[in-house]
Each structure stands twice: as structure tokens, then as C-alpha cells.
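New notebook page, new structure.

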Amino acid sequence: MPECAVYVGRGSRWGNPFTLGGPNGLACVPGAVTGADWEFEDRISAAGMRHDFFHADDRVTRCEIRNLTRGEAVALYREALTGSIVHLRRPRLRLGPRDNPVTVDTIRAELPGRDLACWCPLDQPCHADILLELANTEVKC
């Protein structure tokens, strides 16, 4: 790894908590709460399960549970950081340890101009792309 590069993969404070499997890596299709094509399934589930969502107006949405794709995991990371909620049911989701949360301000303070290192294949979506974009975007007043 280059001398000045920052490791942003799992195990670091910059790592993406949305995984490609397991309880932090599941999508509910269709998105019963958000209305999107899919949404993050934040309950204890497994791929292949089905949850019926009962709406207040007596509608029922039949939701199939599947693993997130890599692109969806990256989209969730962006949404959680920026608050641009499309696929998250709970916009108050915070990333990082409680005593050291990762925020857009933290990213802009610590990562501009830095090389980032992650294990994702170079030709695949990666949360490091989001970190680079946020770190190197000028704030306009």
C-alpha cells in the first residue's frame, strides 16, 4: 500500500457497514415503506424469506428478501452519509463507532487529496468512490 494511502475497507472506521450478505446485507423487494424498487431490510432475516408488510390503510405488500448487490450496498452507504434517503427506512442510521462517527464533515476534513485503499475490484462499485467524491467536492456557500 502506498505510504500516504488511507485504508478504508472493513475493520477501519471508513468501512461500509452494508455487506453483501447477512443481516446488514439484505434487501426487501419491493420497498414497502420507502416505495422504492427495493429497500434495506434492517430486521433479522435471511435471503429467500418473505415478509408481508401491513399498511395502516389495510393494504398488504408482499416483500421478498434477497442479498444486496454491490451497487446497492454502495448506494446505502451514500444515503446514510448524506441523508439522501431513498432505500433506508430509518434515516437516523449512523455510521461508525458511536464515539467516532463518520460524517461528511469528517470525510472533508481528513480525506481530501488522499489515496484510498479497499479490497473491492477496481471495475466494481465501491464505497471508496463515495468517500473520494465527498472528500473532493468543494463546499459552496
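His87 first: buried or exposed? I get a relative accessible area of 13% for His87, so it is buried (buried means under 20%, exposed over 50%, partly exposed in between, with a 1.4 Å probe and protein chains only). His87 lies in the loop between H1 and H2. Helices (H or I, at least four residues) and strands (E, at least two) are DSSP runs numbered from the N terminus.

A caution to myself: this is a predicted model, where local features need pLDDT of at least 70 and side-chain atom pairs count only at pLDDT 80 or more, while totals for chains, interfaces and linings use all residues. Residues are numbered from 1 along each chain as its sequence is written, and side-chain values use heavy atoms, with hydrogens and water left out.

What does His87 touch? Setting aside residues up to four places away in sequence, I list Thr34, Ala36, Trp38, Glu39, Phe40, Leu76 and Glu79 (contact means heavy atoms within 4.5 Å). With Trp38 there is also a side-chain polar contact of 3.4 Å. For that term I note a pair of N or O atoms within 3.5 Å; within protein, one must be able to donate a hydrogen and the other to accept it, and residues adjacent in sequence count only if both atoms are side-chain atoms.

Four strands make an open sheet in the order E3-E2-E5-E4, with antiparallel pairing (two strands pair if DSSP finds at least two bridges between them). On the edges I find strand E3 (39-40) and strand E4 (50-54), each pairing on one side only. Five bridges join E4 to strand E5 (residues 60-67); in E5, Glu64 is the bridge partner of Arg50. Strand E2 (residues 26-29) meets E5 over four bridges and E3 over two. Ala27 is handy to follow: its bridge partner in E5 is Arg66, and it stands opposite Phe40 in E3.

Which residues touch the most other members of the largest nonpolar core? Of its 26 residues, they are Trp14, Phe18, Ile107, Leu111 and Leu131. Such a core is a set of buried Ala, Val, Leu, Ile, Met, Phe, Trp, Tyr and Cys residues joined through side-chain atoms within 4.5 Å. Helix H1 (70-82), helix H2 (104-110) and helix H3 (127-135) each supply at least two residues, and the largest share, six residues, is from H1. A second, separate core has five residues, including Leu26 and Cys63.

I looked up Leu111 too: beyond its neighbours within four places in sequence, its contacts are Val6, Trp14, Leu116, Leu131 and Ala135.

Last, the overview: the protein chain has three helices and six strands, and 37% of its 141 residues count as buried.
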